[in-house]
Amino acid sequence: MASTTSRPTRTPKTTGLRYWMLQVLEQCERVSVDFGPDPVHDLRVSLRRCRSLADGLMVLDPASDWKAMKKAGKQLFQKLGALRDVHVMMEWVERLEPEETPVEAAASPALPRFQQSEESASQLAAHEDSVDPAAHTLLEILRRREQEEQHEAQAALEEFDRKQWRSWSKSLPARAARFRPGSALFKHLALERWTEARDLHTRALRNRSQTAFHSLRIGIKRFRYIVENFLPVEHKAWSNDLKKLQDLLGEVHDLDVLWSTAVSCRVFPDPISRNAWRKRILAERTARIDGYRARMVGSEALWNVWRAALPQGKQIQALATRRMKIWANSLDPDFAHSERVAGLALQLYDGLLSSGWQPSVDGVSARSSLLAAALLHDVGKSKGEKGHHKTSFDLITAHGKPLGWKPADLQRAAIVARFHRGALPRRGHKALRDLLPDEQKGTIQLAAILRLANALDATHDGHIRRIQIENSELTANFNRKQHRNGFARTPLRFAHNQALVIVAEGYSALAPSAQTIAAERHLLETVLHRPVLIRPLKHTLRA
């Protein structure tokens, strides 16, 4: 007899990108027959989850489908949002409307029928007199607006490409699966959102304007979405607090919109009505602001709880660099080459510093810019080989500034990457002409180092493994440098017209890349005002 053992039923997955993308399609079917508050809210939640997941993953994965998916759902999300705003305002009007004076609902059975009719008419008149005229007028306006917004949402729903959305629901989750939820990279992204929201918090409490609190609501919402989508452990611990804060600030915004709508529609019959409504709205708004402050101000503020669980100190820049590498690796067809170029560029830069040379900008800042430029210099190849150095500049500039990197360093890196090949940089070039003289000079110096480092791996095979500066006479002079009061009397300099000798492990003057290297050393010779010689190494350099 065959076994009838049943398999355990698998619990349906209720999270993740694929689940929410399929929920969008399911909720579209529901909304198409009912534009009530609940279906509209549920579809907006599903769209919002998909868009916020894309927003976080776009930072690590530059695939164009993420942006396309966000754009596809944007119009429908906005139109549903306008309809949802009307629903919320109607709910608030009903909550804030003054309580009516109780009126008898039924006529007395002891009276004759014609007297009962007269009594019912008088009761209806009394009921109409007891209804707040401002609330009545505003509700009528909102009901008409609800119909208008429903038509707009219906049109957006019909334009929404569900077939394309279903296709993305298969391809995009596979891309998202490459990034592990709860990883340090997402914690770094959460710290970025935390920092932005914390600044908005300070601004809102300082000027207390409606705009400032609205911006704060959006800032905390963006932080919440990263935690909600990518940090499951932190979300479990923080979800209730984040939702409460979102509700408080959301209701502050709802009340501000309600008051603005009521004033613009001139629903108040007299100053007394206007003042009464203003008082009720302010009381509700103040209560929610106080609730927010109680949780977010002081030594026990939730800001401190959240910050303690996110990256600290040197972790921040290390994770920012890691994020940068992941982004570049998705665009650069040979990122291993870019990593080798970065290593060679830093070896050359550090060697120049040891030889007494100083860049025209801060040394630490310059080194950071050189590292970023070297890692990112070929991301433009994702759009094609031709003119890829210009495309790299555009992509780096548009990518944003990860927390831990200074915006000025990355802007300089974009310009340095722009000149890693092609025409030599000129001070009048549009990328350089608006910079201060020292910044111009420092950027060109870094471009010279990167050009030579890139040429040293021109064959993309890593045959040149390591380099160092080797000038025996120069080193001997440095060892005999004079001091006064513990400080060098004069800065260390190369002797007049002394060549800079760079020895390279794996270099051969007969190799195909030698001609490229000879050409690309020209800019470095120009900025150093001396010849640059590349020589092969006869013994292995120490690591």
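## Contacts and overall make-up

Among the contacts (heavy atoms within 4.5 Å) with a separation of 6 or more, 76% join residues 24 or more positions apart. This is a predicted model, in which local features need pLDDT of at least 70, side-chain atom pairs count only at pLDDT 80 or more, and totals for chains, interfaces and linings use all residues. Residues are numbered from 1 along each chain as its sequence is written, and side-chain values use heavy atoms, with hydrogens and water left out.

The protein has 20 helices and 5 strands; these are DSSP runs numbered from the N terminus, with helices being H or I of at least four residues and strands being E of at least two. Of the 543 residues in the protein, 45% are buried. Here buried means under 20% relative accessible area, exposed means over 50%, and partly exposed is in between, using a 1.4 Å probe and protein chains only. The protein exposes about 29200 Å², and carbon and sulfur atoms supply 50% of that area. Accessible areas come from the Shrake-Rupley method with a 1.4 Å probe, and for residues only the protein chains shown count as cover.

## Nonpolar cores

A nonpolar core is a set of buried Ala, Val, Leu, Ile, Met, Phe, Trp, Tyr and Cys residues joined through side-chain atoms within 4.5 Å. The largest one holds 63 residues, and the members that touch the most others are M69, L76, W165, F223, W303 and W306. Take L76 as an example: leaving aside neighbours within four places in sequence, L76 is in contact with C28, L43, L47, A153, A156, L157 and F160. Apart from this core lies another, of 61 residues, which includes V361, A366, A413 and L446.

Now for the open spaces. On a 1 Å grid over the protein atoms alone, a pocket is an open set of points with protein on both sides within 12 Å along at least five of seven lines, while a cavity is a set of points where a 1.4 Å probe fits but cannot get out; lining residues have an atom within 4 Å of a point. Grid points are joined across faces, edges and corners, and a volume is the space filled by probe spheres set on the points.

The largest pocket has a volume of about 1400 Å³. Its lining counts 36 residues, with R44, R217, K221, Y225 and Q246 nearest the centre. By class, that lining splits into 20 charged, 8 polar and 8 nonpolar residues; Ala, Val, Leu, Ile, Met, Phe, Trp, Tyr, Cys and Pro count as nonpolar, Asp, Glu, Lys and Arg as charged, and the others, Gly among them, as polar. Helices α2 (37-57), α3 (64-96), α8 (210-230) and α9 (232-264) each supply at least two lining residues, and α3 gives the most, with 12.

The second largest pocket takes up about 670 Å³. Of the 25 residues that line this pocket, M58, P62, W327, A398 and H399 are the closest to its centre. Its lining has 11 nonpolar, 10 charged and 4 polar residues. At least two lining residues come from each of α3, α7 (184-207), α12 and α15, with α7 giving the most, 4 residues.

## The enclosed cavity

Counting cavities of 30 Å³ or more gives 1, and the largest cavity has a volume of about 90 Å³. The elements that give two or more residues to its lining are α12 (314-331) and α15 (388-399), and α12 gives the most, with 4 residues. The lining is made up of V59, A320, R323, M324, W327, L376, I396, H399, G400, K401, P402 and L410. These divide into 8 nonpolar, 2 polar and 2 charged residues.

S46 lies in helix α2 and is buried, with a relative accessible area of 2%. Not counting residues up to four places away in sequence, S46 touches W20, Q23, V24 and Q27.

H388 is found in helix α15 and counts as buried at 2% relative accessibility. Leaving aside neighbours within four places in sequence, H388 is in contact with H377, D378, G380, K381, H420 and R421. D350, in helix α13 (residues 335-354), is partly exposed, with a relative accessible area of 28%. D350 and R367 are 17 residues apart along the chain, and their C-alpha atoms are separated by 8.6 Å.
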